[in-house]
Amino acid sequence: MTFPNGFLWGASTAAHQVEGNNVSSDWWLREHGHAPSPSPIESPSGDAADSYHRYPEDMRMLADAGLTSYRFSIEWARIEPEKGCVSLAQLDHYRRMVDTARDLGLTPMVTLHHFTNPAWFAREVGWHSPRAVDLFGRFTETALPVLTDVELVCTINEPNMVAIMANSEERDAFLSGGLPSGHPVVTENLIGAHRVSSSILRSAGKQAGWSVATQAYQAEPGFEGAAAEHGRSREDVFLDAAAGDDWIGIQAYTRTKIGADGPVPIPAGAERTLTGWEYYPGALEFGIRRSWERNGVPVYVTENGIATADDARRIDYTAGALEGVERALADGIDVRGYLHWSALDNYEWGSFRPTFGLIGWDPETFERSPKPSLAWLGGVARRNALR
Ligand code: FCB
């Protein structure tokens, strides 16, 4: 089968994970021991992939391969490094990124918030405070000049993971495998911020949505109720909040089976990726269907991929995930694009070891080397068909 006309084929990144030297953000403070961290930090982000300077080359590689879209985030901590102090030069920087994408024929999808916060925001406000809602609305307005002729804007990346991480009292549970539940106040503020931001974006003629991490919560026989309960604060609240949005971003990597004691450990023989997650390409179809059932909103796959040193497994995984997208489309689900995670190997929140990239790079020189999976996905894009 072919994919619908105009289906977007792309790759995603997040500013903090590829730019380097995002020194005014809360993550930078954590990486250097100046703030508590929800997960262990193996190495700081440092220069990351230096995509702050090398983005034209990165985007060109995607476009040359045949991709038609690039999702990236703009960094609030650069644009507003101190409260109320806006850097016009940084706005210009992101504006140039949008222009570069357009010049290369890549439809830009811009994320306003991808996990990192300005250090001042984390210190003085935080997502536990209802003041976060207005401040994020104000940041959305500040960012509008970057977004001229950008249609697709993602307000907040994985708000469910932000709410889960905020439940720091359950940090030990997180480290031992199962995800804590979403923090209720943080959840409410994130939904409020999404609403305020979306309405500003809509008034400016944009299509607004947010991207949700789906975990394919699958019930062991007899534990359907437990699985539903498990998914509620961790996922469903956020899928439900997307009802009425222009679109939703679905992000999927692996599954979680739920049994008598909650999440069931991954069986010893199962294939695991470099993040330790079970190799399970079916996660994407599961996430798309769950979202569609709950909110009926058009779907963009905003992240899907695999951390591996074996690029052939990346191709297999992605092909498997795309077969699921084909089945979803055949059933009438309105899926409008597939943006792979990730364009580049990157800083995976504490470590550079899990390599998700279609493009690798030399840690000394930053020289890029596209992997076979980039050419493969570009071929899919050019055919607008998996095979
Ligand atoms: C998602 C994040 C993204 C990346 C992938 C592997 O949770 O949105 O930044 O870390 O996982």
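Is glutamate 285 buried or exposed, and at what relative accessibility? Glutamate 285 counts as buried, because its relative accessibility is 14%. Buried means under 20% relative accessible area, exposed over 50%, and partly exposed in between, with a 1.4 Å probe and protein chains only.

1. Basis of the note. This is a predicted model, in which local features need pLDDT of at least 70, side-chain atom pairs count only at pLDDT 80 or more, and totals for chains, interfaces and linings use all residues. Residues are numbered from 1 along each chain as its sequence is written, and side-chain values use heavy atoms, with hydrogens and water left out.

2. Helix 3. Helices (H or I, at least four residues) and strands (E, at least two) are DSSP runs, numbered from the N terminus. The expected span is 1.5 Å times one less than the number of residues. A kink of about 30 degrees is centred on glutamate 57; the bend at a residue is the angle between axes fitted to the seven residues ending there and the seven starting there. Among the buried residues of helix 3 are Tyr52, Tyr55, Asp58 and Leu62. Glycine 66, just after the helix, has a positive phi of about 120 degrees.

3. Helix 5. What span should the 16 residues of helix 5 have? At 1.5 Å a residue, helix 5 (residues 88–103) should span 22 Å, and its end C-alpha atoms are 22 Å apart, which agrees. Its buried residues include Gln90, His93, Arg95 and Val98. The buried residues of helix 5 pack against helix 3, and also against helix 1 (15–18), strand 2 (69–73), helix 4 (76–79), strand 3 (107–113) and helix 7 (131–143). Glycine 105 follows helix 5 and has a positive phi, near 80 degrees.

4. Asparagine 384. This residue is in the segment after helix 14 (372–383). Asparagine 384 counts as buried because its relative accessibility is 16%. Its side chain and that of tryptophan 9 are joined by a polar contact of 2.9 Å (a pair of N or O atoms within 3.5 Å; within protein, one must be able to donate a hydrogen and the other to accept it, and residues adjacent in sequence count only if both atoms are side-chain atoms). Neighbours within four places in sequence aside, asparagine 384 is in contact with Thr2, Phe3, Pro4, Asn5, Phe7 and Trp9, contact meaning heavy atoms within 4.5 Å.

5. Salt bridge between arginine 78 and glutamate 19. A salt bridge is a side-chain nitrogen of Lys or Arg within 4 Å of a carboxyl oxygen of Asp or Glu. By this rule there are 27 salt bridges. One of them joins arginine 78 and glutamate 19, at 2.7 Å from N to O. Arginine 78 is in helix 4 and glutamate 19 in the loop between helix 1 and helix 2 (26–31), 59 residues apart. Arginine 78 counts as buried at 12% relative accessibility, and glutamate 19 does so at 6%.

6. Arginine 327 forms a salt bridge with glutamate 285, with the closest N and O atoms 2.8 Å apart. Arginine 327 lies in helix 13 (residues 311–330) and glutamate 285 in helix 12, so the pair ties together parts 42 residues apart in sequence. Arginine 327 is partly exposed, at 41% relative accessibility.
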